[in-house]
Amino acid sequence: MPDPRPVTLISVDIEAAGPSPSDYAMLSIGACLVDDPEQAFYVELQPDREKVDDAAMSIGGFTLDGLRASGTPPREAMTAFADWIDACTPPRTRPLLVGFNAPFDWMFVADYFHRYLGRNPLGHAALDVKAFFAGVTGAPWGETSLHRVAEHYRLKMVLTHNALDDARDQATLFRAIRAEQQERSAGA
């Protein structure tokens with residue numbers, strides 16, 4: 001049965017040691033409310049797996065040794081993230097993960113929540129910014145890169161691969177797409 005509660009949109013970005021949570025560690029999580037990006041969460045995690053993809057590691061600038069020394073243990077990190085989500089989600093609403101390539105971020109977050117807490121406070125759904133853009137504008141999938149979407153709204157964005165910076169940029173893009181959707185609906 002569908003959940004009729006309104007949603008609290010939470011932009012989430014993660015950095016990982018590789019492409020799949022079954023083999024690679026999640027290294028950092030950044031999140032913010034889509035409609036209030038100053039309400040934010042960030043954590044770097046101690047790795048729980050040793051396998052690395054060199055290309056993925058070079059993107060975020062992390063090392064497993066560095067995160068072993070300074071990162072937060074995964075159970076503690078996921079507990080803090082769940083507490084933040086609960087605190088930012090008003091009564092009678094439910095949180096919804098918003099991501100740019102949401103399936104990637106969601107699969108890591110869901111895996112870690114279930115592995116370390118036995119539940120996922122973000123549920124089994126996510127809203128993909130790229131798909132939302134394609135639906136609102138009619139753009140073909142090949143035209144939904146960050147560069148193309150940002151260019152469409154005359155926004156200058158550069159991925160820093162800091163999960164919180166990227167989550168905030170995703171929130172900005174989402175708000176721009178939503179504004180276009182609302183304009184189109186009002187003009188219909």
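**View 1. Helices α5 and α7 lie roughly parallel to each other.** The model is a predicted one, in which local features need pLDDT of at least 70, side-chain atom pairs count only at pLDDT 80 or more, and totals for chains, interfaces and linings use all residues. Residues are numbered from 1 along each chain as its sequence is written, and side-chain values use heavy atoms, with hydrogens and water left out. The angle between α5 and α7 is about 20 degrees, and their axes are 10 Å apart. Axes are lines fitted to C-alpha atoms, for helices over the stretch in contact, and angles run from 0 to 180 degrees between N-to-C directions. Angles under 35 degrees count as roughly parallel, over 145 as roughly antiparallel, 65 to 115 as roughly perpendicular and the rest as oblique.

**View 2. Residues of α5 meet residues of α7.** On the α5 side are Val129, Phe132, Phe133, Val136 and Thr137. They meet Gln170, Leu173, Phe174, Ile177, Arg178, Glu180, Gln181 and Arg184 in α7. Seven residues of this contact are nonpolar, three polar and three charged. Here Ala, Val, Leu, Ile, Met, Phe, Trp, Tyr, Cys and Pro count as nonpolar, Asp, Glu, Lys and Arg as charged, and the others, Gly among them, as polar.

**View 3. Helix α5 (residues 129-137) has buried residues.** Val129, Lys130, Phe132, Phe133, Ala134 and Val136 are buried (under 20% relative accessible area, with exposed over 50% and partly exposed in between; 1.4 Å probe, protein chains only). Their cover includes β4 (94-99), β5 (126-128), α6 (146-152) and α7 (163-187). Helices (H or I, at least four residues) and strands (E, at least two) are DSSP runs, numbered from the N terminus. After α5 comes Gly138, with a positive phi near 80 degrees.

**View 4. Ser28 is a buried residue of strand β2 (residues 26-33).** Its relative accessibility is 1%. Leaving aside neighbours within four places in sequence, Ser28 is in contact (heavy atoms within 4.5 Å) with Asp13, Ile14, Glu15, Tyr42, Val43, Glu44, Leu45, Phe62 and Ala163.

**View 5. Cys32 and Cys88 are too far apart for a bond.** A disulfide is taken as a pair of cysteine sulfur atoms within 2.5 Å, and by this rule the count is zero. The cysteine sulfur closest to that of Cys32 is in Cys88, 9.8 Å away. Cys88 is likewise in no disulfide. Cys32 counts as buried at 0% relative accessibility, and Cys88 counts as buried at 10%.
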